[in-house]
Structure formats: C-alpha cells, structure tokens
Amino acid sequence: MKKKIISALLCASMVATMVTGCGSTETEGSGESTGAETTESGTVAEESGDAAAEEGKVLNIYCWNEEFKSRLTDHYPGYEEVDATHGTIGDVSVVWNITPSDDNAYQNNLDTTLLAQESAAADDKIDLFLVEADYALKYVDTDYTMAVSDLGITDADLANQYQYTKDVVTDSNGKLKGVSWQGCPGALFYNREVAKEVLGSDDPAEVQKAVSDWATFNETADTMKAAGYYMTSSVNDSYRVYSNNVSSKWVVDGKINIDENLMNWVNDSKALYDAGETGTHELWSDDWSKGFYPDGKVFCYFGPAWLINFCMAADDEGSIANLGGWGATEGPQGFFWGGTWICAATGTDNASLVKDIMLQMTTNEEIMKEIVVADDDFVNNKPAMEAMAEDTSYSSKVLGGQNPLAMYCAGAEKIDLSNQCPYDQACNEEFQNAMKNYFEGNATLDEALELFYKAVQEKHPELTY
C-alpha cells in the first residue's frame with residue numbers, strides 16, 4: 001500500500017501544474033500544545049509535564065505565500081516573529097518553508113519532502129502544510145496526511161464550520177484530513193464610480209439588476225463598451241462562476257467530460273472578446289491587474305473576499321480598493337473560488353501544537369472575528385459571520401463602507417462540491433489555456449478542444465476522450 005501511495009504522489013507531482021492562489025466552540029483539550037494551556041479567553045499559559053516534553057522543538061510549516069503566515073503571526077496566541085521565515089511559540093522554533101506556486105514549484109517541493117518524511121530527522125519533518133481546493137485530493141487521499149480525529153479534534157469542535165470546507169478535505173474513506181480558517185464564497189466586485197456613471201447608481205441592489213443572469217450581464221457589457229469601459233478584465237474572470245455551476249464531473253468513468261455550462265462560458269466569452277468587451281489576459285498578470293486602477297477602465301471582477309483583500313492592490317495609493325471604490329453584489333450565479341486548508345503531516349513530532357493551531361485558527365470565535373476586522377477575510381465560522389453580518393459597526397473599507405457578510409454567508413451555505421474530482425486542477429487550467437487560442441482566432445473551436453484533450457492526456461495518460 002505504501003509503495004502505491006508513493007508512486008501515486010510522485011506521478012501527481014510530475015504532472016500537476018500551477019494552481020492560482022484563501023464555531024463558538026472553545027478549543028477543548030488543546031492545552032497540551034507548545035507546553036501551553038488554552039484558557040477560556042484564548043490566551044496561552046505555560047505548563048510543564050511529560051506530554052509537553054515529548055513534543056518536538058521545531059515546527060516546520062510548508063506553504064506557498066505569506067497569507068497563512070500573516071494570519072498566524074497576527075492572531076495565534078503566543079506567536080512571536082523572529083524574521084521573515086522564523087518565529088517561536090513558547091520554546092518551539094517555527095520554521096516557514098515558503099515556495100511560490102509558479103511552475104508547480106510548491107507542490108514539487110512538498111512532494112519531495114513528504115516522500116522523505118519517514119526517514120527524516122525529527123527537526124526536519126514537515127509538521128503541517130497547506131493545500132488549495134483544486135489539488136487537495138492529491139494529498140488528502142494518501143497516508144501523508146493525518147485525519148484530524150487522530151489529533152483529537154472532534155466533530156463537535158468543528159460543528160460551526162461550513163460543510164463545504166470539510167467536504168474539500170474529506171478522503172475517499174470519509175476521513176477529514178484538514179481544516180480551514182476561511183470560507184470563499186464569491187461575489188461580483190464592481191467599480192462604484194463606473195456604476196454611477198453608466199448604470200445611474202452604485203447601490204448593490206440596483207447593480208444586481210444589471211448582472212442578475214448571464215443574458216442580462218452580456219447586455220450590460222454592451223452598455224459598458226458604449227461608455228468606454230470593459231465589462232471584465234479577462235474572459236478568465238468569469239471562468240470559476242461557470243465551472244462551479246456544472247452538472248457533471250470533469251472525468252466520468254475514465255473519460256474526459258466537458259459539461260454544458262463550460263461550453264456556455266466558451267460561447268459567452270468568445271462573444272464578449274470579439275465585441276471588445278473583455279480581454280484574454282492571464283490571471284495575476286500586469287495587464288489583468290490594470291483594472292485595479294481607475295485608468296484601467298474595467299467595470300467588474302469576480303472573486304471571494306480574499307481577492308479584494310489580498311490581490312487588488314488595496315495598499316497602493318490611487319488604486320480603486322485603496323480609495324474604497326469597489327462594491328459587491330451577487331452576480332449572475334453563486335460560486336466559490338479557492339481557499340486554504342491546514343493539513344497535519346503524518347510523522348509530525350508536534351501533534352499537540354498542530355492540533356492547537358488548527359483549533360485556535362479555525363474554531364476560536366474571537367480569533368475568527370479578529371481576522372474579519374483586521375484582514376477583511378470571510379472566516380469559516382457560521383455564528384461569527386452571521387453575527388457580524390448584522391453588526392452595523394462593521395464595514396469594509398475596500399467596499400466603500402459596505403458590509404458584504406450577509407451575502408457571503410448565504411453563498412457559503414449553497415456551495416455544492418458534488419462534482420469535484422481529482423482531475424480538476426489539470427482540466428480547469430488546460431481548458432482555459434486551450435480556449436485562449438480559440439478566443440484570439442488562432443484555432444477553431446474543434447482545434448482548441450483537441451489541444452485541451454491532448455494537454456490533459458499528457459498529464460493523465462490514463463484518461464480517454
């Protein structure tokens with residue numbers, strides 16, 4: 001069994017490609033971590049004892065960017081930052097191994113290290129690592145991840161979390177293999193000044209009328225073009241909305257399957273591009289990001305809370321986000337995008353500390369609220385989010401004082417992962433890559449589809465089409 005798992009992980013490592021990228025229950029039984037006890041207020045008090053002495057002295061964390069590090073640094077009780085890649089929790093040294101996702105570098109590094117986990121020295125073992133939704137199953141369905149129940153985390157501890165965040169990291173045997181501090185229901189973020197100029201109002205309810213379904217959305221794109229604006233920056237902005245609303249999986253009985261709603265994206269996107277109402281820019285590129293500023297002339301982007309907080313230049317003077325110039329509304333369809341999950345690596349010698357980090361960062365309601373207020377994130381705690389959705393003192397500066405949490409809460413409850421499959425990352429990426437050729441006139445639709453099939457088959461030779 002072990003050899004099969006190692007082989008599968010090596011294979012997945014070689015063929016995977018880059019993916020982009022984000023209860024009121026107290027942390028019962030989490031007091032053993034870091035030689036510390038979690039009090040009712042969420043603070044950490046020193047303790048001694050054999051259990052603490054048995055814990056390792058180095059906590060190794062593997063991730064692809066600074067997001068989780070900033071959350072832990074800012075909100076985990078007792079964390080002290082030493083430098084950009086080191087910190088301390090009590091007498092435990094925290095080491096951050098941060099490898100960007102570009103060219104699949106993060107997964108390649110993680111895979112290599114996990115394969116050596118069993119023979120690694122205690123101080124070199126991975127203790128916890130992070131995964132994204134598109135490739136979570138690659139790790140969840142192996143013995144390299146621990147079930148959270150084996151750490152002593154119970155269903156009751158996680159009762160206030162959104163169900164879909166558990167579904168993402170549940171293995172084929174029904175074991176929960178990770179937790180997340182955030183939920184990622186999506187919204188349509190629109191330029192308020194453009195909405196007032198072209199639609200006559202920047203009120204979310206009024207803007208929603210202009211984007212309520214795809215037919216209406218496309219009509220509004222014509223109106224935006226006539227006024228000198230792009231509807232979206234790129235055809236890729238709307239992709240996740242369509243792909244999250246499919247009625248079948250990417251792979252059915254070993255055969256690559258293209259859902260009807262994905263072809264709806266192709267047809268709608270081709271029409272918008274041909275009309276000059278959107279571009280074909282790669283997500284995260286400089287051209288795609290121009291719409292974060294007024295001169296970019298872009299009306300809207302689709303995304304979850306982490307997009308406006310983490311990606312839309314909120315700290316740059318003169319950006320729309322910095323000026324509080326975005327608004328949020330539901331858009332044509334509900335969707336989710338991304339998210340980050342914390343997984344415990346099998347073989348960790350810091351199980352108690354890993355458990356406490358998971359509980360503090362994903363179930364401590366006070367910490368959850370801190371993250372919302374400080375970081376504009378949407379957190380994985382229903383009571384906290386529902387309370388803050390009704391809290392008139394909370395508002396988002398980026399969204400011009402709007403409180404979008406009620407909209408996010410409603411969206412999170414509707415997320416359906418029944419069509420998730422292990423091939424999502426490769427299929428999603430290669431479909432967008434292939435269709436760019438069609439949109440730009442460099443291939444017919446049939447030629448672009450053939451490019452897609454072959455690209456996926458190169459990564460997953462076991463699939464047919």
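Visitor: How many of the residues in the chain are buried, as a percentage?

Guide: This is a predicted model, and in it buried residues make up 57% of the 465 residues in the chain. A residue is called buried when its relative accessible area is under 20%. The accessible surface of the chain comes to about 18700 Å², and carbon and sulfur atoms account for 47% of that surface. As for secondary structure, the chain has 19 helices and 14 strands.

Visitor: What makes strand β3 count as largely enclosed?

Guide: Strand β3 covers residues 58-63, and six of its six residues are buried, so the strand is largely enclosed by the rest of the structure. The side chains of V58, N60 and Y62 point one way, while those of L59, I61 and C63 point the other way, and all of them are buried. In a regular strand the side chains alternate between the two faces of the sheet.

Visitor: How do you know that β3 pairs with β6 and with β7?

Guide: Two strands pair if at least two bridges are found between them. Between β3 and β6, which covers residues 92-98, there are six bridges in the parallel sense, and N60 stands opposite V95 in β6. Between β3 and β7, which covers residues 128-132, there are two bridges, again with the strands running parallel, and here I61 stands opposite L128.

Visitor: What makes β4 and β14 the edges of their sheet?

Guide: The sheet is an open one of six strands, in the order β4-β5-β6-β3-β7-β14, and its pairing is mixed. Strands β4 (79-83) and β14 (340-344) each have a single partner strand, so one side of each is left without a neighbour in the sheet. On average, neighbouring strands in this sheet are turned by 25° against each other, direction ignored. At the β14 end, β7 and β14 pair in the antiparallel sense over five bridges, and the bridge partner of V131 in β14 is W341.

Visitor: Which helices pack on this sheet?

Guide: Helix α4, residues 105-115, packs on the sheet and touches β3, β6 and β7, with a direction that makes about 140° with that of β3. Helix α14, residues 351-363, also packs on the sheet, touching β3, β5, β6, β7 and β14, and its direction makes about 155° with that of β14.

Visitor: Which residues have the most contacts inside the largest nonpolar core?

Guide: That core has 135 residues, and those with the most contacts inside it are F129 and F431. Leaving aside neighbours within four places in sequence, F129 is in contact with a number of residues, including Y62, Y106, L110, W341 and I342. In soluble globular proteins, nonpolar side chains tend to be buried together.

Visitor: Why is K270 called buried, while K369 is called partly exposed?

Guide: K270 has a relative accessible area of 16%, which is under the cut-off of 20%, so K270 is called buried. K369 has a relative accessibility of 27%, which falls between 20% and 50%, so K369 counts as partly exposed. K270 lies in helix α11, residues 260-274, and, leaving aside neighbours within four places in sequence, is in contact with Y438, F439 and G441. K369 lies in helix α15, residues 365-375, and, with such neighbours again left aside, is in contact with A384 and M388. The C-alpha atoms of K369 and M388 are separated by 8.0 Å, although the two residues are 19 residues apart along the chain.

Conventions
Residues numbered from 1 in each chain as written. Predicted model: local features only at pLDDT ≥ 70, side-chain atom pairs only at ≥ 80, totals over all residues. Heavy atoms only, no water. Buried < 20%, exposed > 50% of the residue type's maximum accessible area, 1.4 Å probe, protein only. Helix = DSSP H or I, 4+ residues; strand = E, 2+ residues; numbered from the N terminus. Areas by Shrake-Rupley, 256 points an atom, 1.4 Å probe, with all protein chains shown as cover. Axes fitted to C-alpha atoms, helices over the stretch in contact; angles between N-to-C directions. Contact = heavy atoms within 4.5 Å. Core = buried A, V, L, I, M, F, W, Y, C linked by side-chain atoms within 4.5 Å.
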